[in-house]
Amino acid sequence: KNIVILISGRGSNMQAIVDANIPGARIAAVISNRPDAAGLAWAAERGIATAVLDHKAYASREDFDAALAQLIDGFQPQLVVLAGFMRILTADFTRRYEGRMLNIHPSLLPAFPGLHTHARALEMGCKVAGCTVHFVTAELDHGPIVSQGVVSLLPDDTPDSVAARVLQLEHQLYPDAVRRFVADELHIVAGKVASPAQPA
Ligand code: GRF
């Protein structure tokens, strides 16, 4: 299956997915909305096609998303992976890739959609934090949940220390979710990702 990965920065989740060498997966392109995204050079060095679509060059979100969809579709992906892609997407765009676009979010959704998730979890006195891989729907950081990873919050934790621990989990969880998608193991039933069948 062809996969297009969208990034905005460092791209460590993108790297984890590429390095996982998922059977049946071909990384068709890495696309960034920011020309200076560090992950672009990393991908290009490995011979992966890269492209930049600078959102600042577009008058509206609709115009940007239309151009982005055209660029993505040129690579004929079966799966679009958002990996630290820091743009809010229009409903038209999310509908176009319904059931074939994944995102990773650094909280245990539905808690803490949006930004500054770890700071908010610490502020609330949460005892655990984590990350969620989910299918993308029109509502930000919603959509059928594929998998979640949990870390305990410790007394001396800061948003940065939590982010570092959660990021390690992200790097395990996201390649595994992509592997399951590519293996046709992810099925959305009644708006939820069905649990894997129990062995008979
Ligand atoms: C990750 O924490 C991800 O959950 C969030 O943005 C960060 C991206 O990191 N959406 P990277 O660019 O994959 O290194």
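The crossing of H1 and H6 is right-handed. Let's start there. One caution before we go on: this is a predicted model.

How do we describe such a pair? Two packed helices are described by the angle between their axes and the distance between the axes. Here, H1 and H6 pack at about 45°. Their axes lie 9 Å apart.

Which residues meet? From H1, take Ser12, Asn13, Ala16 and Ile17. From H6, take Leu167, Glu170, His171, Tyr174, Pro175 and Val178. Sort the residues of this contact by type, and you get six nonpolar, three polar and one charged.

Now the ligand. How many residues surround the ligand? The count is 14. The closest are Arg10, Ser12, Asn13, Gly84 and Pro106. Look at Ser12 and Asn13 again: both are among the closest to the ligand, and both belong to the H1 side of the helix contact.

Which elements give two or more residues to this shell? They are helix H1, at 12-19, strand S5, at 101-105, and helix H6, at 159-182. By type, the shell holds six nonpolar, six polar and two charged residues.

Next, two backbone details. First, the loop between S5 and helix H5, which spans 117-123; Pro110 is found there. The peptide bond from Leu109 to Pro110 is cis, with omega near 10°. Second, the loop between helix H3, at 61-73, and strand S4, at 79-82; this one holds Gln76. Phi of Gln76 is near 50°. That is a positive value, in a residue other than glycine.

Last, the record. An unreviewed UniProt entry lists residues 1-178 as "domain: Formyl transferase N-terminal". In the model, that span is 35% helix and 23% strand. The C-alpha atoms at its ends lie 10 Å apart.

Conventions: Residues are numbered from 1 along each chain as its sequence is written. This is a predicted model: local features need pLDDT of at least 70, side-chain atom pairs count only at pLDDT 80 or more; totals for chains, interfaces and linings use all residues. A residue is near a molecule or strand if its C-beta atom, placed from the backbone, lies within 6 Å of it. Helices (H or I, at least four residues) and strands (E, at least two) are DSSP runs, numbered from the N terminus. Ala, Val, Leu, Ile, Met, Phe, Trp, Tyr, Cys and Pro count as nonpolar, Asp, Glu, Lys and Arg as charged, and the others, Gly among them, as polar. UniProt positions are given in the numbering used here, feature names are shortened, and annotations may be inferred rather than shown by experiment. Axes are lines fitted to C-alpha atoms, for helices over the stretch in contact, and angles run from 0 to 180 degrees between N-to-C directions. A crossing is left-handed if the near helix is turned anticlockwise from the far one by less than a right angle, and right-handed if clockwise. Two residues are in contact if their C-beta atoms, placed from the backbone, lie within 7 Å.
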